[in-house]
Amino acid sequence: MRRPSTVVRWLRRRARVSEVVLIAIATAIGALTALATIAVGAVARTLQHLLYDLGPIAHLSAVPSVSALTLLALPAGGAALTLFGLLTVSRRRAMVDAVEANALHGGRMSAGDSVVLAGQTAISNGFGASVGLEAAYAQVGGMAGSLAAQALNLRRGDWRVLVGAGAGAAIAAAFGAPLTGAFYAFEIVIGAYTPAALAPVAAASLAGALTAQTLGIQPYVLDADYGGIHETHHYLLYALLGAVCAVLGILLMRAVALTDQASRKLPYAAYIRPTVGGLLLIPLALYSPQVLSSGHGALHVDLAVNTPLLFVATIFVVKAASSVVSLGFGFRGGLFFASLFLGTLVGHIFAVGIDTAAGAPMLDPVNGALVGMAAMAAAVVGGPMTMAMLVLEATHSFTLTGAVIAAALVANTIVRETFGFSFSTWRLHLRGQSIRSARDVGWMRSLTAGSMMRRNPRTIAAETPLDAFRRAFPLGSATRAVLVDADGRYAGILPVASAWDERRDPATPAADIAVHRDASLNPELDITGVLRRLDAVQADELAVVDADQRVIGLLSDAYVRRRYAEELEKAQRDLFGEA
């Protein structure tokens, strides 16, 4: 029994000082994450095969048709999801995903929450709802990294790196694409490219992809007749496609939010939302099974076949609607693969439209579909380089990847500048969180006015005459005094030097020359809010008051800025490693 304990203690010591040990830990996390990813995917696919009577290698979204009777699996899935929620009643609070964990909690994730989220996603996808499994993959991968960091008692920066490494390894295992997984970790889960994270993330992604391939999971390959891009105007047109995808991506994210808000107003919404959503999906799936599940099979079918433009446009509308209904009515999952699929449809329509407008071949529809795939995903999910690497690893076309990067960067930039959120951070925003990426802002949230203030400052009645004030506060005894009214509530701050001005009448009440009478700080305000408040009123010091406006502390501008600089330097050391 002593040997495991000794090994853990040794790893705890070495992981803090040795990059090689941290890389080895990340590699092990990558391999374990691949196993968990395969298990989650197997559960969902098994449900699909049983419920929809699929062949051994068939994809649900690629079948020609599904009967209305079989599609009753959709509302049944909603009911199953509700039952699963009731069985996990203790987890009704919002669950923390990898992005929120790294942004606000230093990488800390709950194993129980992560298992529940993965189970909900597998049920939703397995019963045919139009959601992807990538959110579940990233969740279990991030959980593995977080649990390892907790067991080894790692620093905050290393903790965040291992969460990113685990999530990236999960995506790498799912697609057999280590570059995609690594960039997913950097752009979406860690929020920055850092030297300290480079080797652990790369090692975890490689381990995840290789483990999955060893166990028979094939790399994601797009078998389509795509060609090279050689003309400058191609890049300009594909940049325009990126702008189109940005607009559509924003509309899609807003539609999910509006549908979610509307569905919550239903009677007994907490119990019937997924079932009602499943019923609404039936007519959409009767039109075409391509709207079911994440859309892997449908994407390959539409790329391989010369599909009529009207059908492509209709499928875009129906697939977008099914994704909005699925997520808006409580099915669990994400838009990762749905945005890839929708992007291929947009790119196809765009290329054909440009050719029609020009009266001559300008863009190849397959190339347009592949570029649109990455641009739409970059708009919705974020991570332009992640999506560019996915296309590169799926097509092995470097010339096509150049156009993909251009379109993805344009799409992502427009969304960030005009909308400000990816789909994951948009959902957090709707819950009241203000984060816009996985960059570590948790340390700023923990530095509040209440935690930094000087407690129990000296106070004096606001109606005290200046001569009495001078006796209570001789020159040099203090720089400022806090005034309170007859009920003990905050009434302003009086600089001692101002009170000793000989030109002032000694009978003047202190309140008459007080400053910042209407400016104070809430103890829950974080450090960035404190700095904004101090700058807005141009104050060197402000009182901290409770809900009844009673003074509980005093906070100076100089002290707040010093604490901010100290904590920022510490966060940067954690992010980039020791100098």
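User: Which residue stands opposite Ser556 in β6?

Analyst: Glu541 stands opposite Ser556 in β6. The model is predicted, so local features need pLDDT of at least 70 and side-chain atom pairs pLDDT 80 or more, while totals for chains, interfaces and linings use all residues. Residues are numbered from 1 along each chain as its sequence is written, and side-chain values use heavy atoms, without hydrogens and water.

User: What makes β5 and β6 a pair?

Analyst: Two strands pair if DSSP finds at least two bridges between them. Strand β5 (residues 541-545) and strand β6 (residues 551-556) have five bridges, in the antiparallel sense; therefore they count as paired. Strands here are DSSP runs of E of at least two residues, and helices are runs of H or I of at least four, numbered from the N terminus.

User: Where in the hairpin of β5 and β6 is a positive phi found?

Analyst: Gln549 takes a positive phi near 65°, in a hairpin with five residues between the strands.

User: Why is β5 called largely enclosed?

Analyst: Five of the five residues of β5 are buried, so the strand is largely enclosed by the rest of the structure. Buried means under 20% relative accessible area, exposed over 50%, and partly exposed in between (1.4 Å probe, protein chains only).

User: How do you know whether Glu100 is buried or exposed?

Analyst: Glu100 has a relative accessible area of 3%, so Glu100 is buried. Glu100 lies in helix α4 (residues 98-104).

User: What is Glu100 in contact with, leaving aside its neighbours within four places in sequence?

Analyst: Contact means heavy atoms within 4.5 Å. Glu100 is in contact with Met95, His105, Leu428, Arg431, Gln433 and Ile435, leaving aside those neighbours.
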